[in-house]
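Thank you all for coming; I would like to walk through one model this morning, residue by residue where that helps. Please have the sequence and the structure open while I talk.

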Amino acid sequence: MSLDLGDPRAITQPVYEALNGLRSAYNVARDKGQIKAEDYQKRLREQKSQTQELYTFLATWGLMRLRAEEMSRNDWEKPPAEIPLFQRAKKNQEGKREAISCFFECLEKVAKVNNLASEKGIETLNQLKSEDYIGLTGIALAVAKEFSFWADAIYPDIKGGESE
């Protein structure tokens with residue numbers, strides 16, 4: 001299904017589906033006893049916190065720095081998607097990395113720009129013409145606003161900041 005930016009759900013649907021999927025994976029892992037309750041709570045707090053902070057970070061620092069933030073948190077030896085959730089859930093700040101990665105996957109779908117979420121994401125952003133980068137930033141701000149909105153709906157039981 002292609003996204004139509006004239007459809008008011010063009011941004012809302014992919015954001016809801018992505019965040020709900022991110023949360024649901026942790027619920028399944030917790031229910032199967034694959035992750036500790038403490039790791040579950042910490043990673044979800046990190047996800048919620050990062051999701052709520054995306055708009056401010058993006059408006060202040062821009063897309064390239066947000067992409068760099070995700071890269072700095074990714075010191076896995078292979079793509080994180082290939083690492084089982086129970087292993088990733090043990091690592092501090094992984095919830096933040098997952099939220100940023102989820103954001104770029106959504107932005108890729110909404111803006112229809114390939115390789116934003118891949119390892120080549122920073123090169124993709126760097127190679128855009130300035131007017132395309134500015135347009136993408138506008139779409140990214142709209143996506144980030146949706147992430148912030150959906151954070152409370154997807155994580156209603158997660159209270160407090162990431163360090164609590």
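Arg23 touches Tyr40, Leu44, Ile154, Tyr155, Pro156, Asp157 and Ile158, where touching or contact means heavy atoms within 4.5 Å, and where residues up to four places away in sequence are not counted. This is a predicted model, in which local features need pLDDT of at least 70 and side-chain atom pairs count only at pLDDT 80 or more, while totals for chains, interfaces and linings use all residues. Residues are numbered from 1 along each chain as its sequence is written, and side-chain values use heavy atoms, with hydrogens and water left out.

Is Arg23 buried or exposed? With a relative accessible area of 7%, Arg23 is buried; the classes are buried under 20% relative accessible area, exposed over 50%, and partly exposed in between, with a 1.4 Å probe and protein chains only. The C-alpha atoms of Arg23 and Leu128 are separated by 32 Å, and these two residues are 105 residues apart along the chain.

Let me turn to α7 (130-154). This helix has 25 residues and reaches 35 Å from its first C-alpha to its last, close to the 36 Å expected at 1.5 Å a residue, the expected span being 1.5 Å times one less than the number of residues. Among the buried residues of α7 are Leu136, Val143, Phe147, Trp150 and Ile154, and what covers the buried residues of this helix includes α1, α2, α3, α5 and α6.

That brings me to the nonpolar core, by which I mean a set of buried Ala, Val, Leu, Ile, Met, Phe, Trp, Tyr and Cys residues joined through side-chain atoms within 4.5 Å. The largest such core has 36 residues, and those with the most contacts inside it are Leu63, Phe103, Phe104, Leu107, Val143 and Phe147. At least two residues each come from α1, α2 (37-61), α3, α5 and α7, with α5 supplying the largest share, eight residues. Phe104, leaving out residues up to four places away in sequence, touches Leu63, Leu66, Arg67, Leu116, Ala117 and Leu125.

Beyond its neighbours within four places, Ala117 is in contact with Arg67, Phe104, Glu105 and Glu108.

Next, the empty space. Rolling a probe the size of a water molecule over the atoms shows where such space is left. A pocket here is defined on a 1 Å grid over the protein atoms alone, as an open set of points where a 1.4 Å probe fits, with protein on both sides within 12 Å along at least five of seven lines, and lining residues have an atom within 4 Å of a point. Grid points are joined across faces, edges and corners, and the volume is the space filled by probe spheres set on the points. How much space lies in the largest pocket? About 540 Å³ lies there, and of the 22 residues that line this pocket, the closest to its centre are Pro80, Ala81, Arg97, Ser101 and Glu105. The elements that give two or more residues to the lining are α1 (12-31), α3 (63-72) and α5 (94-111), and α5 gives the most, with seven residues.

Arg97 lies in helix α5 and counts as buried at 4% relative accessibility. Its contacts, leaving aside neighbours within four places in sequence, are Glu70, Arg73, Asn74, Trp76, Pro80 and Arg88.

Finally, two backbone details. Gln93, in the loop between α4 (85-88) and α5, has a positive phi of about 70° although it is not a glycine, and Gln93 is partly exposed at a relative accessible area of 26%. Lys112, in the loop between α5 and α6 (121-127), likewise is not a glycine and has a positive phi of about 55°; Lys112 counts as exposed, at 53% relative accessibility.

Definitions and conventions
Helix = DSSP H or I, 4+ residues; strand = E, 2+ residues; numbered from the N terminus.
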